[in-house]
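Please look through the structure shown below before reading on. The report that follows takes up its parts under a few headings.

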Amino acid sequence: MRRDTSALPGFGLGLGVLLSALALIVLLPLAALLARGAAMGPAELASHLGSRRVANALALSFRAALVASAANLVFGLLLAWVLSRYRFPGRRLIDAAVDLPFALPTAVAGIALTALYAPAGLFGRVLEPLGLRIAYAEPGIWLALVFVGLPFVVRTVQPVIDEIDPEWEEASATLGASRLRTLRRVVLPVLAPALLTGFALALARSVGEYGSVIFIAGNLPNLTEIAPLLIVIRLEEYNYDAAAAIGLAMLGISFAMLFVINSLQVWSRRRIGHA
Amino acid sequence: MNEHANPLCAALLAGAVLALGGAAAAETRILNVSYDPTREFYRDYNQLFATWWQEQGHEPVAIEQSHGGSGAQARAVIDGLGAQVVTLALASDIDAIAARSDDLSPDWQAALPHNSAPYTSTIVFLVRAGNPKGIRDWGDLTAKGVQVVTPNPKTSGGARWNFLAAWAWALRGNGGDEEAARSYMAELFAHVPVLDTGARGATTTFAQRGVGDVLLAWENEAFLALEELGPDRFDIVVPSVSILAEPPVALMPGNQGSEEQRAASQAYLEHLYSPAAQALAARHYYRAWDTSAAAAEDLARFPDLELVTIAEFGGWAEAQPRFFGDGGIFDQIYEE
């Protein structure tokens, strides 16, 4: 499939480098995980995954990742919209701050959030008497994952908003559409593919997040124990097979979720005629 | 799954660092792979040993330290981290190394006096200043409204000692009835709001985050918390029964590059039993065997209490799978 129309040469070299890098860094470790699973066979896999504790940890990990990514979808869209449509003092500063979760070690974020929301912390002191428990409960996990996933939505949506010509909205208004209708029928359809991509990236990132969550979660089995922690616990028991089994389950569920999101994306692209 | 690097990678990296270091200097090197709370002790002991070793007319020795969770450190050694000596939190972690490599003989624990544990510690309670909940003994931990902080025995060596100390008390109080001990443990863990992965993490949760009424801690860790965070903020409560925690040491015969290195590593471990080193251990809040050179004020800190030993549980080889293995007693508490 050589594309001679490109102005720049180097397809062969480029593909070669890409494939070897991909094989070394991504495919090889994944293949090792799959091989470990294949060596176990379905009965043993099921025995490692069959307990209530594993089921609870997996459910918690994916539930928390979904909640956090949904929150990021709304919050990230708002943030991206404000940043690209309005000019106000401090805009560049906020724009730069969005990338902080990329750069900061997640453990630092976890410790900082825990210090704030722990029962003795600045916010925890106020929330605890109201019966709102954040740190050492599931909402704490959501919070950490919102922090970790936020830049993914903002950074994927922002360039697309930049591309939308405000004249489209004006045209829609002059044709008699209400503001809500303009948003629903003109703006959101154009943004949908980017929003889905951002959502998928944030979701994928937060499902496997470990560093920030273990500080704020409380880590109680069946309640606040995330699947990646259970993998570490299995490794501590030298039970590499059980760890691999949980890893495989996470891989399978993540793959299925990303597949659904990608299908949605293809569908929405077709709908607005981008395909 | 990001911060936890592959142990093999860690081992390769450490190997590369050591290889570079080895090329730079001709002196004898010892890598001591240890667990978390020994940082301060080994920093001082390494100096003591290096000076003493040279006084004996040997080539200078350079000692490198690696600290981390005891289980994770054992895994790094199994995966190829070239330690000359290991000094870990409990025998079962060194047993794991012996079981998974040919280097270490299964009866490694007989190589040095006192089950190869040159210093010991025990498990005590750290409570808030003035002991507002009136906690005196293990039975008070399950009173209504009391919250207990302990790390997860699956990931923390110290937490396993906590668990066994509580179990020993419950067994004695109930005339050896195991079912009663089990229900006490289940009740105890129902009072635990946070399970940190390591002893230091649990100390932070209790001391800095203000969670819980009592922290189950290594005695040395409890003293360290008092010293670092203020004696006016916490009190140490000594229960009626606790456990003799023996953090053992072992020589890794397969990782000795030269005769000189082997001799230095062997002496490094044996010298831990010398009066000077024992005095140092006492200063760092470890209970020492030989108190002849220790300062009186260091020794006065250790109250007398009844200590059960791991032998009562059939040794770690039996206790580890029974209590903390997959599907063991700890797992059953959370499966019910």
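How many residues of domain 1 of chain B are in contact with residues of domain 2 of chain B, and how many of domain 2 do they meet? In this predicted model, 17 residues of domain 1 of chain B are in contact with 19 residues of domain 2 of chain B. The domain assignment places residues 7–120 + 246–299 of chain B in domain 1 and residues 123–244 + 305–335 in domain 2, and the C-alpha centres of these two domains lie 27 Å apart.

On the side of domain 1 of chain B that touches domain 2 of chain B, α3 (70–78) and α4 (91–100) of chain B each supply at least two residues, and α4(B) gives the most, with 4 residues. Sorted by class, that side of domain 1 has 7 nonpolar, 6 polar and 4 charged residues.

## A sheet in chain B

In chain B, 4 strands form an open sheet with mixed pairing, in the order β6-β7-β5-β8. Its edge strands are β6 (148–149) and β8 (234–237) of chain B, each of which pairs on one side only.

Strand β5 (residues 123–128) of chain B runs antiparallel to β8(B), and 4 bridges join the two; F125(B), for instance, has V237(B) in β8(B) as its bridge partner. Helix α9 (residues 219–229) of chain B lies across β5, β7 (214–218) and β8 of chain B, and runs at about 120° to β7(B).

## Where chain A meets chain B

The contact between the chains takes 27 residues from chain A and 21 residues from chain B. On the side of chain A that touches chain B, α2 (52–85), α5 (106–117) and α11 (227–236) of chain A each supply at least two residues, and the largest share, 4 residues, comes from α11(A). The residues of this side of chain A divide into 15 nonpolar, 8 polar and 4 charged.

How values were computed:
Residues are numbered from 1 along each chain as its sequence is written. Chains are lettered from A and ligands numbered from 1 in the order in which they are written. This is a predicted model: local features need pLDDT of at least 70, side-chain atom pairs count only at pLDDT 80 or more; totals for chains, interfaces and linings use all residues. Two strands pair if DSSP finds at least two bridges between them. Two residues are in contact if their C-beta atoms, placed from the backbone, lie within 7 Å. Axes are lines fitted to C-alpha atoms, for helices over the stretch in contact, and angles run from 0 to 180 degrees between N-to-C directions. Ala, Val, Leu, Ile, Met, Phe, Trp, Tyr, Cys and Pro count as nonpolar, Asp, Glu, Lys and Arg as charged, and the others, Gly among them, as polar. Domain bounds come from an automatic or database domain assignment.
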